Amino acid sequence: MLTSVELKNFKGQTTVQELTGMDIFVGRNGAGKTTRLQALGLAILGYVPGNKRTSTDTFKLATGDAMSVGLKTDKFQLTRNFNKTEKRNARDGSVSVTIKENILVSPGAAERTDTEKNIRIQSEIGHFPVMMDFSEFLNLSDTKRRDFIYSLGGIDSATWTRDRIYDYLTEKLLTDELQANNAEQYDYMLDIINKAIAEFPTDYGVQEGLQAMLSWIDTEKKVWDRKQKDAQGAVRQISDMKNDMAETDRNIATLKQELEKFQQQLIDTEKLMTAEEEKKKAAEKRTARMIELQKAVLELETKPGKADTSDIDRQLREHQLQLAEPPAIDTAIQQLKTRQAEIRQQRKGFADEQQKVANQIATVQATVVALEEALKTTGDIAGRCVINPKLIKCDKDFSGFGEYVDRKKSEAADSVAELLQQEEALKKSISKLDDEETDISNKQSELLKQVQEVNTRNTSINKTIATLSEQRNSLLAEVTDRENKIKLYREELDRILNEPAAAPFVVSLDTQADEIRSRISVNKKIIEEKEKAKQTILLMQQSMMDNRKAEYQSSCLKLIAEALGPKGVQGEIVKECLEPIRQNIQGNLALMGFYQEPFFQTESDTGKEIFQFGWINEKGHYVNFDALSTGQQTVFLAAMMVTIIDRAQPKLRLLAMDNLNHLDRRNFQLLIDGLTKVKDKLDNIILAGAIEFDFAADGWQVWNLSQQSEVMEVKQSA
């Protein structure tokens with residue numbers, strides 16, 4: 001549970017706000033209600049809910065060059081510090097501003113970087129932005145909203161499985177009527193259903209499996225739609241080409257036989273020519289490789305055969321011996337801290353006593369001054385009435401009053417002298433304690449310095465050891481690599497030397513090859529024209545077949561997608577998933593005195609997949625959340641947030657709501673009473689608003705920030 005939130009120089013406020021678990025902040029505008037909730041959101045999320053998430057934008061809320069926010073729970077606390085630094089460019093005089101964030105967590109768990117500390121915060125507090133900023137949910141797309149709600153309700157239905165989806169598709173789409181009227185499309189449908197279900201891995205949940213199938217179907221449909229369009233265009237284009245063809249496909253078989261004969265003759269001739277050329281190239285390549293290998297072996301054999309690591313080994317031993325254990329200072333530090341706490345307690349006692357003595361001295365001195373004033377007054381009006389000294393005579397004798405004053409002054413002087421001695425003794429005691437505390441601080445610094453010096457030295461030594469170890473391994477690896485290369489090169493060289501060399505031969509076939517190529521060229525040109533005519537006919541036939549296949553494939557894919565989508569399997573599963581959540585929201589609304597029935601809409605009137613929500617009003621109308629009044633949205637939001645938090649079970653179950661002044665007295669009271677009934681589902685409930693009417697809040701802590709700010713203003717003016 002959150003116990004407090006702390007802010008310093010945040011939106012002009014510096015305070016530590018205690019939290020009880022059920023807190024309501026009220027007060028005039030500017031008193032700090034929203035400021036506290038924003039500080040809490042910044043502490044948990046690292047950004048102010050509803051604002052941009054950069055440090056620069058966050059620092060716009062700072063007062064001065066430094067700002068911090070923090071929070072405490074029963075077992076954990078954190079602080080986020082933001083500091084602004086300005087640096088002037090010496091060349092052009094421009095000023096660059098840098099905002100740096102620093103995070104502190106306690107108790108620590110060896111976190112070093114802010115990234116590690118943010119991960120620690122998420123593990124201790126949880127990372128559930130929706131509970132601090134519901135706009136995170138409202139700003140999502142319909143698909144993202146649906147996936148988020150699914151994650152709360154659990155879409156892995158016990159009734160819908162991979163096998164049931166397969167049975168549903170075959171029963172709905174593979175009908176006897178389709179098989180009787182169009183057996184070809186029936187076969188395509190069966191094949192696509194089997195391929196689609198194969199995209200659903202057996203270890204997937206229903207949601208992931210459905211999505212995998214729909215993604216595959218969408219991709220396939222785009223492919224077959226494009227093929228259908230291309231096939232239709234090809235039929236028209238090829239038909240036009242056929243009408244323009246001058247050659248037909250007559251005698252094409254005879255011409256192809258002649259062409260094959262000429263081509264075989266050319267192949268045989270070119271093989272002989274190629275064999276001669278390849279023999280020459282092989283011999284040249286063999287000789288070049290032998291020279292290359294002999295040179296490589298010679299170069300490697302001239303290098304040292306063994307790595308000398310003795311000097312590195314000696315240095316490693318010397319550096320390892322130089323490593324030292326840091327001195328154990330925990331006990332000494334703790335003793336010094338304990339004594340420091342005792343000194344501060346004693347000093348406070350002496351300071352309180354000193355103040356008391358000073359007050360006594362002031363009282364005595366004030367009494368003496370009053371007596372002297374009285375004595376002077378009696379002397380000035382001797383023999384006259386104090387009421388009207390000009391008209392009324394008074395025989396009262398005040399001659400003895402002077403002796404009384406002198407005696408009292410003497411007694412006061414003795415008393416003041418004694419009190420001054422006491423005050424001086426107390427000052428000496430305080431000074432002695434201050435000196436001792438300074439000495440303790442110096443000792444603590446010295447102990448920490450000793451540990452730091454040892455650690456710094458060890459770090460330097462370890463770095464040197466790592467460098468030496470790397471050098472040693474490099475030397476050893478170099479020798480091993482040299483030996484392996486020598487072995488491989490020698491084996492290859494022996495293999496080349498043992499290969500028999502082929503005897504070269506020379507045959508001049510260029511003229512014969514040119515004659516054959518000329519005859520082939522003539523035949524090819526004739527055959528090409530005839531082949532175009534034949535291919536045009538074949539392509540037209542094939543395109544017509546492709547067009548029909550693409551049409552069937554596209555139609556089948558569309559029907560399967562519809563059967564799996566919002567009007568089919570998905571729609572049925574959505575009903576199973578959303579109904580428990582809807583019932584929870586309805587129950588929470590009833591606790592708050594609102595008996596409207598919530599609804600979730602997953603399909604538009606046109607059949608498009610959507611995800612909207614709201615409630616059914618008294619007239620039976622379905623009112624979308626965005627169409628509710630601000631006050632109604634606030635109540636619906638509270639009921640929905642309690643449901644979301646209860647189902648998501650984040651580490652910190654926090655409900656924070658601002659601007660509740662949109663609610664009137666009756667609805668605000670209903671909200672308070674309803675949230676009181678669901679307190680066991682939450683760790684903290686924090687409400688805020690400029691509430692100007694009275695309300696009952698049994699069990700809640702109501703913080704009137706207007707009164708607090710007025711007290712602070714009085715103290716500052718005093």
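Which strand is the place of S68? The close-ups below, taken from a predicted model, start there.

**View 1. S68 sits in strand β4, which covers residues 66–73.** With a relative accessibility of 12%, S68 counts as buried, because the cut-off for that class is under 20%. Leaving aside residues up to four places away in sequence, S68 touches E6, L7, K8, T79, R80 and N81.

**View 2. Helix α11 runs through residues 310–322.** Its 13 residues should span 18 Å at 1.5 Å a residue, and the end C-alpha atoms are 19 Å apart, which agrees. Buried here are I312, L316 and H319.

**View 3. A salt bridge joins R472 and D313.** Their closest N and O atoms are 2.5 Å apart. Since R472 belongs to helix α13 and D313 to helix α11, the pair ties together parts 159 residues apart in sequence. R472 counts as partly exposed, at 27% relative accessibility.

**View 4. Within helix α12 (residues 330–380), E342 and R339 lie 3 residues apart, about one turn.** Their side chains meet in a salt bridge at 3.2 Å, N to O. Both are partly exposed: E342 has a relative accessible area of 38%, and R339 has 25%.

**View 5. R653 and D683 form a salt bridge, with the closest N and O atoms 3.2 Å apart.** R653 is in the loop between α16 and β10, and D683 is in the loop between α17 and β11. Both residues are buried.

Methods. Residues numbered from 1 in each chain as written. Predicted model: local features only at pLDDT ≥ 70, side-chain atom pairs only at ≥ 80, totals over all residues. Heavy atoms only, no water. Helix = DSSP H or I, 4+ residues; strand = E, 2+ residues; numbered from the N terminus. Expected span 1.5 Å × (residues − 1). Buried < 20%, exposed > 50% of the residue type's maximum accessible area, 1.4 Å probe, protein only. Contact = heavy atoms within 4.5 Å. Salt bridge = Lys/Arg side-chain N within 4 Å of Asp/Glu carboxyl O.
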